[in-house]
Amino acid sequence: MVEGSRVARRKARTRAALVRAAQGFLATGNTNAPVLDITQAADVSNGSFYNYFDSKEELWQAAIDSALESVGDYLDSLTVDLHDPVEKFTQSFRLSGRLFRLEPELSRVLLNSEAAAVAADGGLAPRSRRDIESATAQGKFDVEDADLALALVAGALLSMGRLLLEQPDRDEESTVDRTTQRVLRALGVSADEAETLCSRELPTSYTGGVHAALDLTTTADGAPH
């Protein structure tokens, strides 16, 4: 039983190393790297790759899914005490915006895979949809088409993220909060309320990034260990 657990942990570490290596390549937009380069970056044997993945495409998807799940867990950990969907949406968007500077490599993985990120089952998209639909049902958002609203939110976030990474001297807090206000107004929130929502303090733990906020490390499949 002990030996089996040791083997399972070793396999999990190897898979996680491959996923982290893949995220490094995705962050630079390089999806043409040969398997040998990936295994060398992961410091694992070349022959072990196909023990974990059938193809590079499967690895790329696992790397994106892991990044999205890390972001999703991060947002959940910092919004767990909020019950108003508008407050939850606002705080999640503001925190997501700040992640571009806090976690640049993780952010570049998502930006370079934006189509997959927007359509994925993990990360910001499903959480935003949940909050948009809940706020709309309560009459706090004026949204007729949740899909269109989600596309607007995702487009604003990704475009803002690129701007923050391409312009390192740009003021991050002002950029993120002004963008959040614009998004809230597009969802039917008044200018005064949007400004009030974006002036509220964020959890201090967010400044350490994903792992500091979660106070854990994350395996390749998103499971804490």
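Trainee: Is Phe53 buried or exposed?
Mentor: Phe53 is buried, with a relative accessible area of 1%. Buried means under 20% relative accessible area, exposed over 50%, and partly exposed in between, using a 1.4 Å probe and protein chains only. This is a predicted model, where local features need pLDDT of at least 70 and side-chain atom pairs count only at pLDDT 80 or more, while totals for chains, interfaces and linings use all residues. Residues are numbered from 1 along each chain as its sequence is written, and side-chain values use heavy atoms, with hydrogens and water left out.

Trainee: And what about Phe49, buried or exposed?
Mentor: Phe49 is buried, at a relative accessible area of 0%.

Trainee: How many aromatic pairs are there?
Mentor: Four. Rings of Phe, Tyr and Trp (its six-membered ring) pair if their centres lie within 6.5 Å; planes under 30 degrees apart count as stacked, over 60 as edge-to-face and the rest as tilted. The ring centres of Phe49 and Phe53 are 6.0 Å apart with planes at 45°, so this pair is tilted. Ring pairs also join Phe49, Tyr50 and Phe53 into a cluster.

Trainee: What about Phe89 and Phe141?
Mentor: They make an edge-to-face pair, 5.7 Å centre to centre with 85° between the planes. Phe89 is in helix H4 and Phe141 in the loop between helices H7 and H8, so the pair ties together parts 52 residues apart in sequence. Helices are DSSP runs (H or I, at least four residues), numbered from the N terminus.

Trainee: Why call H4 largely enclosed?
Mentor: Because 15 of its 18 residues are buried.

Notes. Helix = DSSP H or I, 4+ residues; strand = E, 2+ residues; numbered from the N terminus.
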